[in-house]
Amino acid sequence: SIILIIHLLLIIFFWFVKSQTPGLKAYQLKVVDAISKNKISLVQSLIRYVATLFAVVSFFLIFLPFIRKDKKTFQDLISNTIIISE
């Protein structure tokens with residue numbers, strides 16, 4: 001559980017402060033609010049993190065982007081975020 005807490009804090013920090021994790025930065029992508037295209041809020045970061053954990057353990061939700069035309073993931077839909085190019 002300590003690992004999950006540390007991971008949560010790191011990911012939330014990167015999404016909320018930098019709008020990107022090191023992996024997203026490597027591909028020049030960032031997470032933004034789907035409507036305003038601005039940085040996501042702390043609440044959106046937390047919702048996105050929990051939704052990501054839920055999607056990882058769900059067989060169907062992992063394949064959701066392959067079914068949808070807009071390629072949005074479960075966590076994007078739930079947290080109202082999108083990933084865009086810088």
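The model is predicted, so local features need pLDDT of at least 70 and side-chain atom pairs count only at pLDDT 80 or more, while totals for chains, interfaces and linings use all residues. Residues are numbered from 1 along each chain as its sequence is written, and side-chain values use heavy atoms, with hydrogens and water left out.

I start with two helices. Helices (H or I, at least four residues) and strands (E, at least two) are DSSP runs numbered from the N terminus. Helix 1 covers residues 2-18 and helix 3 covers residues 42-57; they pack at an angle of about 130°, and their axes are 9 Å apart. Axes here are lines fitted to C-alpha atoms, for helices over the stretch in contact, and angles run from 0 to 180 degrees between N-to-C directions. Helix 1 and helix 3 are therefore oblique to each other. Under 35 degrees counts as roughly parallel, over 145 as roughly antiparallel, 65 to 115 as roughly perpendicular, and the rest as oblique.

Which residues in helix 1 meet helix 3? They are Leu-4, His-7, Leu-8, Ile-11, Ile-12, Trp-15 and Phe-16. On the helix 3 side they meet Leu-42, Ser-45, Leu-46, Arg-48, Tyr-49 and Thr-52. By class, this contact of helix 1 with helix 3 has nine nonpolar, three polar and one charged residues. Ala, Val, Leu, Ile, Met, Phe, Trp, Tyr, Cys and Pro count as nonpolar, Asp, Glu, Lys and Arg as charged, and the others, Gly among them, as polar.

Next, the cores. A nonpolar core is a set of buried Ala, Val, Leu, Ile, Met, Phe, Trp, Tyr and Cys residues joined through side-chain atoms within 4.5 Å. Buried means under 20% relative accessible area, exposed over 50%, and partly exposed in between (1.4 Å probe, protein chains only). The largest nonpolar core has seven residues, namely Ile-11, Ile-12, Trp-15, Leu-24, Val-31, Ile-40 and Tyr-49. Helix 1 supplies the largest share of this core, three residues. A second, separate core has five residues, including Ala-51, Ala-55, Leu-61 and Phe-74.

Ile-40 has contacts (heavy atoms within 4.5 Å) with Trp-15, Phe-16, Val-31, Val-32, Asp-33, Ser-45 and Thr-81, leaving aside its neighbours within four places in sequence.

Now some single residues. Lys-30 lies in strand 1, residues 29-33, and is partly exposed at 28% relative accessible area. Not counting residues up to four places away in sequence, Lys-30 touches Ser-19, Gln-20, Ile-82, Ile-83, Ile-84 and Glu-86. Ser-19 is eleven residues from Lys-30 in sequence and 5.4 Å away in space, C-alpha to C-alpha.

Gln-28 is in the loop between helix 2 (22-26) and strand 1. Its phi is near 55°, a positive value in a residue other than glycine. At 54% relative accessibility, Gln-28 counts as exposed. Asn-80, in the loop between helix 6 (74-79) and strand 2 (81-85), is not a glycine but has a positive phi of about 55°. Asn-80 is partly exposed, at 32%.

Leaving aside neighbours within four places in sequence, Ser-79 is in contact with Gln-44, Ile-47 and Arg-48.

Last, Lys-69 sits in the loop between helix 5 (64-67) and helix 6, and counts as exposed at 86% relative accessibility.
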